Amino acid sequence: MEISKEHAQDSLSQTENVAMQTRRRIAAGCTGPILTIWGTIWFVAYLGTYLSYFFEWQAYHLQIGSRIGATISIASLVWPVLITVGVFASWFVSTRKSPILYIHNKRFGLTWLILFLYSNVWLVLLAPWNEYQIGAFAASLPMFAYIVMGLWMDRFLLWLGMVVTVLIIAGFFLFHFQPLFWLWVAVLGGGTVAGTGFYIQIRWRC
Amino acid sequence: MAELDSTIHQPVRLQILSSLIALNAGEKVDFTYLRKVLNVTDGNLGAHLTKLENLGYIEVDKTFVARKPRTFINATDKGRDAFDKYITVLKQIIEGENR
């Protein structure tokens with residue numbers, strides 16, 4: 001069987017496109033909705049933290065009180081409640097999506113899990129730290145995962161991860177020890193993760 | 001001189017194998033899912049799968065999941081080898097080493 005160079009090139013491109021499309025679709029199965037869930041949770045939780053710190057900061061600087069315990073307790077309540085919601089929502093999404101494929105692509109889930117465990121081990125070892133350092137670190141961690149995913153799957157994620165990481169670091173120095181830092185992290189971190197979830201659901205399924 | 005595998009070279013079968021090769025060894029893909037990815041009809045996909053199955057390039061596993069009949073497909077080692085050879089020949093043609 002003889003074919004031309006152009007025909008061979010077309011066939012090769014076709015195989016690469018279909019393979020990439022398949023990998024993306026598999027990854028999009030659960031990844032998109034789960035990122036949307038956790039991005040939204042992150043946004044709301046950091047927004048809650050921002051409002052808590054904002055009111056506390058105002059109270060401190062206006063000298064209307066040393067600390068407003070109620071505002072701090074909002075932040076401490078928001079996180080565990082939202083994380084619980086996120087765990088259940090993620091479980092629901094992953095079980096609802098599972099019939100699509102016989103065997104899930106476990107690599108993405110494992111990548112995130114390993115990254116989470118690795119970072120937590122180092123956080124314990126590197127303590128003490130302040131909450132702003134932790135905020136910047138936590139926000140930049142998913143961006144590191146984006147950069148890795150971007151190398152495998154989609155260059156958009158690679159660039160997004162790099163740009164947002166730089167912005168988070170810039171915000172860390174610009175808004176250090178200011179409540180605005182939490183709003184910065186809410187928008188950049190939560191907004192980016194939730195937005196990427198929508199992006200993956202739309203683009204990777206095409 | 002290596003020959004292009006004419007079974008694989010057919011456009012739909014080429015897409016089927018490209019899609020299956022993208023999975024890890026041992027992973028299986030649902031028939032409905034494959035039909036959506038390739039945008040073909042049930043009958044068309046079924047006919048091409050039969051051809052590939054007869055050559056031992058793929059395995060078709062009909063089973064029940066939650067009491068519903070499901071068909072899963074995966075590439076065999078023979079199919080992966082045949083696909084690798086096919087890609088090698090394509091690259092040789094592109095580089096002008098083969099016709």
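Reader: Which elements are included in what covers the buried residues of α4(A)?

Author: This is a predicted model, where local features need pLDDT of at least 70 and side-chain atom pairs count only at pLDDT 80 or more, while totals for chains, interfaces and linings use all residues. Residues are numbered from 1 along each chain as its sequence is written, with chains lettered from A and ligands numbered from 1 in the order in which they are written. Helices (H or I, at least four residues) and strands (E, at least two) are DSSP runs numbered from the N terminus. The cover over the buried residues of this helix includes α5 and α6 of chain A.

Reader: Which residues of α4(A) are buried?

Author: A residue is buried if 20 or more other C-beta atoms, placed from the backbone, lie within 10 Å of its own, exposed if 12 or fewer do, and partly exposed in between. In α4(A), the buried residues are A:Gly135, A:Ala136, A:Ala139, A:Ser140, A:Pro142, A:Met143, A:Tyr146 and A:Met149.

Reader: Good! What is A:Ala136 in contact with, leaving aside its neighbours within four places in sequence?

Author: A:Ala136 sits in helix α4 of chain A and counts as buried because it has 22 C-beta neighbours inside 10 Å. A:Ile169 is 33 residues away in sequence, yet the two C-alpha atoms are 6.9 Å apart. Contact here asks for C-beta atoms, placed from the backbone, within 7 Å. Leaving aside those sequence neighbours, the partners of A:Ala136 are A:Ile168, A:Ile169 and A:Phe172.

Reader: At what angle do the axes of α5(A) and α6(A) cross?

Author: Axes are lines fitted to C-alpha atoms, for helices over the stretch in contact, and angles run from 0 to 180 degrees between N-to-C directions. Under 35 degrees counts as roughly parallel, over 145 as roughly antiparallel, 65 to 115 as roughly perpendicular and the rest as oblique. α5(A) and α6(A) are therefore roughly antiparallel. Their axes come within 10 Å and cross at roughly 170°.

Reader: And how do the residues of that contact divide into nonpolar, polar and charged?

Author: Nonpolar means Ala, Val, Leu, Ile, Met, Phe, Trp, Tyr, Cys and Pro, charged means Asp, Glu, Lys and Arg, and the others, Gly among them, count as polar. Residues meeting here include A:Leu157 and A:Gly171 in α5(A), with A:Phe181 and A:Thr196 among those in α6(A). The contact of α5(A) with α6(A) divides into 9 nonpolar, 4 polar and no charged.

Reader: Moving to chain B, at what angle do α2 and α4 cross?

Author: Here B:Val12, B:Arg13 and B:Ile16 in α2(B) meet residues of α4(B) including B:His48 and B:Leu52. The two helices are therefore roughly perpendicular. The axes of α2 (residues 11–21) and α4 (residues 42–54) of chain B come within 10 Å and cross at roughly 75°.

Reader: Which pattern does chain B follow along the sequence?

Author: Chain B has 5 helices and 3 strands, and 35% of its 99 residues count as buried. Read along the sequence, the pattern is α-α-β-α-α-β-β-α.

Note on methods:
Two residues are in contact if their C-beta atoms, placed from the backbone, lie within 7 Å.
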